[in-house]
Amino acid sequence: MADDKKTSLRTIDSVLQLLGTLGRYQLLQAVLLGIGNLTVCFHLLNFVFIAQPVKQQCAVTPLYGNDTNTDYGKCDVSVRNTTANVTSTHACNAWTYDMERDHSIVSEWDLVCGDVFLGRLPQSLFIVGQGIGAATVSVMSDKFGRKPFLVMSHVLTAGAGLALAFAPNIAAFSGLRLVNGIFQQGIVVTTCTMGMEEFPMNRRIEVSTMFTLGWSVCTMLLTGTAYLLRDMDWRTLQLCFVSVSTLVIFQIIFLGESLRWLITNKKAKKAFAVFKRAAKISNIDVSNVALPGIGTEQASVELNRTESKYVETPSDKQTDVVKYNCLDLVRTKFMLKISGVVWFSWLVDSLTYFSLYLTSSSLHDDFYLNFFLNSLAEVPAGPLYWYVGRRWGRRIFFMTFHTLAGICLLMATVIKGLAVGPVALTSATILAFIGKVGNTACFNAMFAYAPEIYPTNLRSVGMGSGSTAARVGGMIAPFVSLLAAEISWAPGTIFGIACLITAALNYQLPEPEGRELPQTIEDVKAWDKTPARG
């Protein structure tokens, strides 16, 4: 700046604008945060490949022999007594499989027949761990900073993932999946929060689109990795998946703390250090620039404790930093309504998303190609969110695509149940694919929307609480196939109706498009339901 007098930036958003829209520093931060996408994907969805379903048959045993009077089935042995003309049935105690025994945890530990529940338990415990992590790590992230807990979560996730490869039995494996889920969720919450905090309001939706597309690319990379290593045992495969966590070294060295968090919490020394480093990388002169609210004789924007702690006003002197806790998510009728809709939406989206991912086999018979096609269905989510969310707002986006998902899933269920023939099957498959696109768009977009509607010192807590609700849906998802086996039309009907109910509830959501990230709850209350223009 040419003037001798320091220029005080009025808002935190103006700080980010000064650093340059997707300038060198911000682009570097986006790439570094993208590592979280890769790590989370390889730790979350790896279970699909290391716990592949198998085809089994009772092994031949000396007790029953292998003559024409003995029939070895999947779970029992039928022995016919030709003299008495009586057939007796006996449960298997050993099996043979259509793959190498160490290829999957299912075949290695005989998680079939009466123990099939144990084969699904580790993934449900992983989701339970995610819920625990979302409720705990998110609080620490708001209180002590984003970067320390992001790095900590990466390191501990890698440690738990490494231990999984050496699990001696299903009990140890399930326990480690629980621990793995706890630490992995710290990556999710903190990455999404920092992703929204590092960029100005006119670029947040572009950044969220990049992250969504990044997730789609990561799922495809996971599929390709698993396919190339398809002849290896599951322990080796797990070690290969865990190896992506070594990329955290780049976050440790190059990732900066969230400027928005530092400024809001008046960490002046650290904020100036990060700001100057960012300006240097972006080749911007900030020698005569003062940050808002800290390090200036007259702060432009202050958080003022009055009778209501949710007021943002100009002030000539330093004031206390506004602090929130978990109860502030539901303390007022306004916040209870917003949080309730976010929680319900995320629960429904997660249940539908993971159920379709873990149980769908309608797109193709090949296991790897089927997973790839499901990953491909995620690609439109980012561009759709960018186009609709920017043009008509986030609220309209959620209402539109929840409705699309609900209608398509219901129609696919009806056609599958009532119609027959290749045309009907193809139509149901196409509708199910479109329904998954709509569901995926909403599920992925919520990771970007939730951080936008909560104040800075409540942002990770709000994000974590919503993610915890999503874990409830994810916890149920592995068992949906059991319901489908009994009532084939039930899952699609439940998903479709739940999506339509969610679309109606989305009308209550506030609209963050065109608005700076809120510092206080009053900022959110002042928002209209339509995008801000100009």
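In this predicted model, the chain holds 2 disulfides. A disulfide is a covalent bond between the sulfur atoms of two cysteines.

**The disulfide of Cys-58 and Cys-92**

- Cys-58 is joined to Cys-92, with an S to S distance of 1.3 Å.
- This bond links distant parts of the chain, since Cys-58 belongs to strand β2 (residues 56–58) and Cys-92 to the loop between β5 (86–91) and β6 (95–97), 34 residues apart.
- The link of Cys-58 and Cys-92 is right-handed, with 65 degrees about the S-S bond.
- Cys-58 counts as buried at 3% relative accessibility, and Cys-92 counts as buried at 12%.

**The disulfide of Cys-75 and Cys-113**

- A disulfide with an S to S distance of 2.0 Å joins Cys-75 to Cys-113.
- Because Cys-75 lies in the loop between β3 (70–72) and β4 (76–81) and Cys-113 in the loop between α4 and α5 (116–144), the pair ties together parts that are 38 residues apart in sequence.
- The torsion about the S-S bond of Cys-75 and Cys-113 is about -95 degrees, so this disulfide is left-handed.
- Cys-75 is partly exposed at 31% relative accessibility, and Cys-113 is partly exposed with a relative accessible area of 22%.

- Cys-41 counts as buried, at 0% relative accessibility.
- For Cys-499, the closest cysteine sulfur is in Cys-442, at 7.4 Å, again too far for a bond.
- Cys-499 also counts as buried, with a relative accessibility of 0%.

- Side chains of opposite charge can pair when their charged atoms come close.
- Glu-108 and Arg-235 meet through their side chains in a salt bridge of 2.8 Å, N to O. The pair links distant parts of the chain, with Glu-108 in helix α4 (residues 105–108) and Arg-235 in helix α9 (residues 234–242), 127 residues apart.
- The side chains of Arg-146 and Glu-197 form a salt bridge of 2.6 Å, N to O. Arg-146 lies in helix α6 (residues 146–164) and Glu-197 in helix α7 (residues 170–197), so this pair ties together parts that are 51 residues apart in sequence. Both Arg-146 and Glu-197 are buried.
- Another salt bridge brings together the side chains of Arg-394 and Glu-452, at 2.8 Å, N to O. Here Arg-394 is in helix α16 (residues 394–418) and Glu-452 in helix α17 (residues 422–453), 58 residues apart.
- Arg-394 counts as buried at 1% relative accessibility, and Glu-452 counts as buried at 1% as well.
- Arg-394 and Glu-452 are part of a network of salt bridges that also links Arg-204 and Glu-513.

- Thr-413 lies in helix α16 and counts as buried at 15% relative accessibility.
- Leaving aside residues up to four places away in sequence, Thr-413 touches Trp-489, Gly-492 and Thr-493.

**Surface and overall organisation**

- Ile-249, Phe-250, Ile-252, Ile-253 and Phe-254 make a nonpolar surface patch of about 440 Å².
- Within this group, Phe-250 is placed in helix α10 (residues 248–254) and counts as partly exposed at 40% relative accessibility.
- The chain exposes about 22300 Å², and carbon and sulfur atoms supply 64% of this area.
- Of the 534 residues of the chain, 53% count as buried.
- Among contacts in the chain with a separation of 6 or more, 75% are between residues 24 or more positions apart.

Terms used: Residues are numbered from 1 along each chain as its sequence is written. This is a predicted model: local features need pLDDT of at least 70, side-chain atom pairs count only at pLDDT 80 or more; totals for chains, interfaces and linings use all residues. Side-chain values use heavy atoms; hydrogens and water are left out. Buried means under 20% relative accessible area, exposed over 50%, partly exposed in between (1.4 Å probe, protein chains only). Contact means heavy atoms within 4.5 Å. Accessible areas come from the Shrake-Rupley method with a 1.4 Å probe; for residues, only the protein chains shown count as cover. A salt bridge is a side-chain nitrogen of Lys or Arg within 4 Å of a carboxyl oxygen of Asp or Glu. Helices (H or I, at least four residues) and strands (E, at least two) are DSSP runs, numbered from the N terminus. Patches are made of residues with over 30% relative accessible area and no salt bridge: like charges are joined within 9 Å, nonpolar side chains (Val, Leu, Ile, Met, Phe, Trp, Tyr) within 5 Å. A disulfide is a pair of cysteine sulfur atoms within 2.5 Å.
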